[in-house]
Amino acid sequence: MCSLSLFPPPLPAGHVTLYESNNELVSATSLDNYQRQDWDPPSLLIPKETLKPHSRLESSSKAAFIHHQETLWMRSANAWHDAGLSGLLDEIANSADEVPRCMKVGACCSLAILRWVSSLHGSLFPHLTLSSEDMVAEFSQAADWAGCSVRALAWHPHTDKFAVALLDDSVRVHNAKSSTAPTLKHRLQRNVSALAWKPLCASALAVACQNCVLVWHVDPSSLSTRPSSGCAQVLSQPGHSPVTSLAWSPSGAILLSASPVDTAMMVWDVAGESCVPLQRVGGGGVTFLSWAPDGSRVLAATPSALFRVWETSMWTCERWPTLTGRCQTGCWSPDGSRLLFSVQGESVIYALSFANTPGELLGQAGDSKSSVIVADLSETTFETSSGETSVGGEIQTLVWDPRGERLAVLLKGNPEKSDSRSIIAVFKTRTSPIFELLPCGFVQGEEGADPHLIHFHPHFQKGALLTVCWCNGRISHIPFYFVSAGVPRPSLGYSPPVPYPSRGSEVSERLLFSELGS
């Protein structure tokens, strides 16, 4: 079983990771030691203090208006719009002087039955008792969605620009080749939990909001820093909120959206602003989506101890139960043949291997359909120059670079231990002819800054580029320089000339996991 004990020790306090070169991670005492390259994306610092979150709910603004008496039917219509059936029944039950007694009694009885059913449903699926904001924070891929200034990030699949969703519910688009950073704002853009650029398109950005999905169409050649809200399409469906995850098909023809309170996964035709629900019994909702790069399959996690893998030719699915908790995160190999995922409350990485034919699974243990543990990231104590430090624990996020050669794992750490910290563990991976994991090292930021969100650049030409959002509001980019296994080259030739201490090569040559040995 592979473990963190095979990794080189974490950096001592005060050191930051700059890049990887010659199979080693290079560090320094400051980010200023890194010699910036012409192709480097902009590194940003967005302090929380510069952003003003919404301090008042939209419903609380009613107090600013002069009260006037409305008819029962008008109040009932508003209650239905605001709170659905329970709101309507509550309004009728509290209007004893305006409705017949039999109607009031019927409304009270119906409301009691509805609340009993809701409490029963809530006991089966405890997440349904959370508020919308707490639900988004619970199922977000960000480690501290509620407390950090950056809530979501997405790289464009074809150009050097990325979008970030901020604490004030605005979305900014940053381009490495332009100083203009458009800011997207909309009255429905609340509690943004995910962003997704449309493939094969320069301008379409999907935003997962509390009550809808917004699809912004921003002209990349425009110099406007504040596009009109008319540039956004609104996609909404009753009962499908809050939206916590989005996934475009690789062709850009279909957009998927997921909500923890809706057992249906919505398949959107964005051009027609219509959707088809894909619904299955069980799970209590859908929390996380990940579309395989080859377009053949989709991972759909639920709030319960099961997840589904859909095949997209006939839209059938396989149901995969877990033992201890829900599927927290997952990522696909570049060819879509292998899925890596983690389970909430566990510190291991599981793998599922699929055949080339959609829907046919390759058995990992004999002919049985089962997942295999490929890495154990349980808490491990290291000796560093600044003393003992513990890393490892529950997995928050998994991301795999598009070449399939670097796997980044965001580890939460143990909040109950003072010497335990959140950290990013990076593996070297190989998917062909067999699947292998090798230790690369730990990525660390400035002292006191924990990693919050991670994402790989989709088309970095010199290896892999990991974008990290830190809890202090900094967005940094860590390049991993290597020669791709599929593209032979004589030498790198473009690694920055920063001196670094030499370490032995025994760690980089040590095998963590191999299918031949499993």
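The lining of the second largest pocket divides by class into 31 nonpolar, 14 polar and two charged residues. Ala, Val, Leu, Ile, Met, Phe, Trp, Tyr, Cys and Pro count as nonpolar, Asp, Glu, Lys and Arg as charged, and the others, Gly among them, as polar. The pocket holds about 1300 Å³ of space. Of its 47 lining residues, Leu 246, Ser 290, Trp 291, His 455 and Phe 456 are the closest to its centre. Elements giving two or more residues to this lining include β8, β12 (245-248), β16 (288-291) and β30 (451-456). β4 gives the most, with five residues.

The model is predicted: local features need pLDDT of at least 70, side-chain atom pairs count only at pLDDT 80 or more, and totals for chains, interfaces and linings use all residues. Residues are numbered from 1 along each chain as its sequence is written, and side-chain values use heavy atoms, with hydrogens and water left out.

The protein chain contains three helices and 33 strands. Both are DSSP runs numbered from the N terminus (helices: H or I, at least four residues; strands: E, at least two). Of the 518 residues, 52% are buried. Buried means under 20% relative accessible area, exposed over 50%, and partly exposed in between (1.4 Å probe, protein chains only). The chain exposes about 23700 Å², of which carbon and sulfur atoms supply 53%. Accessible areas come from the Shrake-Rupley method with a 1.4 Å probe; for residues, only the protein chains shown count as cover. Among contacts (heavy atoms within 4.5 Å) between residues at least 6 apart in sequence, 53% join residues at least 24 apart.

Rolling a probe the size of a water molecule over the atoms shows where empty space is left. On a 1 Å grid over the protein atoms alone, a cavity is a set of points where a 1.4 Å probe fits but cannot get out; a pocket is an open set with protein on both sides within 12 Å along at least five of seven lines; lining residues have an atom within 4 Å of a point. Grid points are joined across faces, edges and corners, and a volume is the space filled by probe spheres set on the points. The structure holds three cavities of 30 Å³ or more. β1 (16-21) and β32 (474-481) each supply at least two lining residues. β32 gives the most, with three. The lining has six nonpolar, five polar and two charged residues.

The second largest cavity has about 60 Å³ of space. Residues lining this cavity include Met 265, Arg 280, Arg 308 and Trp 310. By class, the lining has five nonpolar, two polar and two charged residues.

The disulfide count is zero, a disulfide being a pair of cysteine sulfur atoms within 2.5 Å. For Cys 471, the closest cysteine sulfur is that of Cys 148, 5.4 Å away and therefore too far for a bond. Cys 471 is partly exposed, at 31% relative accessibility. Cys 317 is also partly exposed, at 24%.

Backbone geometry shows several exceptions. Most residues other than glycine have a negative phi, and most peptide bonds are trans. The Ser 241 to Pro 242 peptide bond is cis, with omega near -5°. Pro 242 sits in the loop between β11 (232-235) and β12. The bond from Ser 432 to Pro 433 is cis as well, with omega near 5°. Pro 433 occupies the loop between β28 and β29 (436-443). Asp 169, not a glycine, has a positive phi of about 70°. This residue is in the loop between β5 (161-166) and β6 (171-175) and is buried, at 6% relative accessible area. Leu 200 has a positive phi near 60°. Leu 200 lies in the loop between β8 and β9 and is exposed, at 62% relative accessibility.

The β8-β9 loop also holds Ser 203. Ser 203 is buried, at 17% relative accessibility. Beyond four places in sequence, its contacts include Trp 197, Trp 216 and His 217. Val 426, in strand β28 (residues 423-430), is buried at 0% relative accessibility. Its C-alpha lies 5.5 Å from that of Gly 441, 15 residues apart in sequence. Among the residues that Val 426 touches beyond four places in sequence are Phe 7, Arg 406, Cys 440 and Phe 480.
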